[in-house]
Every structure is written in structure tokens, then in C-alpha cells.
Amino acid sequence: FPQAKPAAGSRWLREAVDIYLLEIQAHKKKKTHSAYRTALHYFLESCRKQTLEEITRTDMLAFKTYLRDKKKQSDRSIANKFENVMSFLKQQKITGLIVKTDWPTFTEEEVSTYTQDELDKFFAACTETETVWFEFFYRTAMREQEVMHVSWSNIDFEGSVVTVRENKRFGWKPKAYKGRYISIPSSLLTLLKAWKEKSDPTCGLVFPTAGCKPKQNFLDECKTIAERAKLNQQDFYLHKFRATRATRLLQGGMDIKSVQQMLG
């Protein structure tokens with residue numbers, strides 16, 4: 001049956017979602033678009049209303065329940081998807097639907113870091129090349145995508161800093177489109193100088209593949225080294241180097257604002 005015509009001034013919900021997702025796709029990263037698309041499609045599955053103006057608090061509470069019981073989402077995922085849908089509704093000028101206690105809650109997981117013993121065993125099992133890779137991850141606390149796309153032009157050997165900035169050649173931009181400067185310890189600087197002498201001067205990337213493309217298998221390499229060092233592979237992943245570095249800097253007396261700026 002054809003849809004009934006909405007009341008004067010009402011807007012079709014599905015049409016609004018389609019337009020909103022097109023805007024997200026045009027202005028945000030693929031990952032952001034994917035997250036909003038999933039959340040809004042789940043909302044359309046749970047909500048039977050045809051127009052934006054028909055949506056009520058009950059629909060939002062039902063959406064929470066749908067995510068938990070039907071989609072088996074974690075508390076954090078429920079909170080993220082709920083927030084994405086609320087952002088969509090706010091953009092559509094649909095506000096005042098829920099009260100503070102209606103928002104989904106979740107418990108923040110404790111930050112996981114490497115012990116010094118784990119780091120010692122891990123780096124002892126590294127080859128010369130692997131040492132450069134993962135000392136860079138650890139000492140700069142950069143994200144995986146940032147390490148993948150770092151170029152030699154981003155490294156200032158005299159100033160002992162690396163700059164996180166857009167890599168136009170590969171169509172990559174930093175998170176939140178924000179660049180930043182990170183100090184490089186002298187030990188890492190020495191490794192990088194030797195690494196550069198062996199690098200392909202025509203490529204430009206610090207960690208390229210043989211075909212001068214961003215290296216994409218750092219996680220696999222990390223787990224292989226952990227296995228070689230007789231460490232638990234499941235406990236080793238890239239983000240943990242970042243968390244460990246940040247924790248050590250705070251423990252060493254660096255103020256939290258400086259650590260936040262370093263992490264971006």
C-alpha cells in the first residue's frame with residue numbers, strides 16, 4: 001500500500017536519514033559514515049514511525065532495548081549508537097525527547113599497558129628492522145594510521161620532532177583533521193638516522209612496502225614477535241604501546257595537558 005501523506009509540516013523519517021547519511025559521507029571519514037549508517041539503520045528497524053515529528057521518548061527507550069536484546073550490543077556500543085541517533089535528531093530540530101537518566105551508560109575499561117618486563121622481552125625478540133618499527137610506535141605514541149602514513153619530510157632531525165600531518169599522496173588525514181608535533185627521544189632519533197640511510201630516497205614514506213605503499217600489517221608483525229618472545233599474543237596489540245607511553249610520561253611527571261596534546 002502507498003504511504004499516507006504526512007501531516008502538513010511533517011517530514012518522512014527514512015528520507016531524512018538518507019539525506020543525513022549523504023551529508024555525513026560527503027564531509028566525514030568513511031569510518032564515521034559507517035558508524036552513523038549502522039546506528040540509523042538499526043533505529044529504522046526498531047522504530048515504526050513514518051515521520052520525524054511522530055518520534056517520542058518511548059521510541060528512544062525501545063531503541064535502547066532493541067540494541068541490547070535483538071542486536072546483542074555491548075553497553076559501550078549501545079551508548080555510541082544511541083548518541084549517533086540523537087545527533088541525527090538534533091540536526092533535524094527534534095529535541096527534548098529524553099531526560100538525563102534515559103541515556104545509556106557503560107563502565108569505562110581500565111587502561112591496559114605493557115609491563116617493563118613485557119617490553120624488555122618483546123624488544124629482545126625483535127630483529128633490527130622490527131626494533132625500528134615498534135620503538136617508533138612506543139616512543140611517539142602515534143596511532144597506527146599515523147605511523148603508516150608518516151613521511152621523511154615529517155621528521156625534523158635537527159629539532160628532534162615528528163609532525164603528524166595530512167598525507168595528500170595517499171589521501172589520508174589525521175583524526176579530527178588536527179596535526180601536531182611530537183618530540184623524538186635521542187635513542188629513537190639514532191635508529192631513524194640509520195634507517196633513513198637504508199631507505200629508498202624516491203619513496204618518501206618512513207615505513208613503506210616494497211611497492212612504496214603504506215605498510216598495513218604492523219599488528220600481525222607485533223603478534224608474531226610476541227609469539228617468538230614466548231609472550232601471550234592476545235595481550236599484544238598496537239594501541240597498547242600508545243597507552244603505555246602515555247602512562248609512563250604521566251608517571252614521570254609530565255602534566256596531563258601536555259600528554260593529551262602529544263596524543264592528539
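**Pockets, strands and buried residues: a discussion**

Modeller: Helix H2, helix H7 (144–148), helix H10 (238–251) and helix H11 (256–263) each supply at least two residues to the lining of the largest pocket. The model discussed here is predicted.

Colleague: Which helix gives the largest share of that lining?

Modeller: H10 does, with seven residues. The pocket itself has a volume of about 1600 Å³. It is lined by 40 residues, and those closest to its centre are Lys29, Lys31, Arg143, Gln145 and Lys175.

Colleague: How does the lining of the largest pocket divide by class?

Modeller: There are 17 nonpolar, nine polar and 14 charged residues. Of the residues closest to the centre, Lys29, Lys31, Arg143 and Lys175 count as charged because Lys and Arg belong to that class.

Colleague: What is the volume of the second largest pocket?

Modeller: The volume is about 210 Å³. Among its 14 lining residues, Trp195, Ser199, Asp200, Val206 and Pro208 are the closest to the centre. The lining comprises nine nonpolar, two polar and three charged residues.

Colleague: Why is Asp200 called partly exposed?

Modeller: Its relative accessible area is 43%. Buried requires under 20% and exposed requires over 50%, so a value in between is called partly exposed. Asp200 belongs to the loop between helix H8 (186–198) and helix H9 (218–228). Its C-alpha atom is separated by 29 Å from that of Leu263, the two being 63 residues apart along the chain.

Colleague: Why is Asn154 called buried?

Modeller: The relative accessible area of Asn154 is 6%, and buried means under 20%, so the term applies. This residue lies in the loop between H7 and S1.

Colleague: Which residues does Asn154 touch, not counting those up to four places away in sequence?

Modeller: They are His149, Val161, Val162, Thr163 and Arg165. Each has heavy atoms within the 4.5 Å that contact requires. Asn154 also lines the largest cavity, together with Met142, Glu146, His149, Val150, Thr163, Val164, Arg165 and Trp172.

Colleague: What is the volume of the largest cavity, and how many cavities of 30 Å³ or more are there?

Modeller: The volume is about 50 Å³, and the count of cavities of 30 Å³ or more comes to one. The cavity lining has four nonpolar, three polar and two charged residues. The word cavity is used because a 1.4 Å probe fits there but cannot get out.

Colleague: What makes S1 and S2 a pair?

Modeller: Two bridges join them, in the antiparallel sense. At least two are needed, so the strands pair. Asp156 stands opposite Val161 in S2. S1 and S2 form a hairpin with four residues between them, and in the turn Ser160 has a positive phi of about 55°.

Colleague: How many bridges pair S2 with S3?

Modeller: Four bridges pair strand S2 (residues 161–164) with S3, and the sense is antiparallel. Val161 is opposite Ser183 in S3.

Colleague: What is the order of the strands in the sheet, and which strands are at its edges?

Modeller: The open sheet has three strands in the order S1-S2-S3, with antiparallel pairing. Strand S1 (155–156) and S3 are the edge strands, as each pairs on one side only.

Colleague: How do you know that the span of H2 is close to the expected one?

Modeller: H2 (residues 30–46) has 17 residues and reaches 24 Å from its first C-alpha to its last, against an expected 24 Å at 1.5 Å a residue.

Colleague: Which residues of H2 are buried, and which helices do they pack against?

Modeller: The buried residues are His33, Tyr36, Ala39, Leu40, Tyr42, Phe43, Leu44 and Ser46. They pack against helix H1 (13–27), helix H3 (57–69) and helix H4 (75–91).

Note on methods
Residues numbered from 1 in each chain as written. Predicted model: local features only at pLDDT ≥ 70, side-chain atom pairs only at ≥ 80, totals over all residues. Heavy atoms only, no water. 1 Å grid on protein atoms, 1.4 Å probe; cavity = no way out; pocket = protein on both sides within 12 Å on 5 of 7 lines; lining within 4 Å. Points joined across faces, edges and corners; volume = space filled by probe spheres on them. Expected span 1.5 Å × (residues − 1). Buried < 20%, exposed > 50% of the residue type's maximum accessible area, 1.4 Å probe, protein only.
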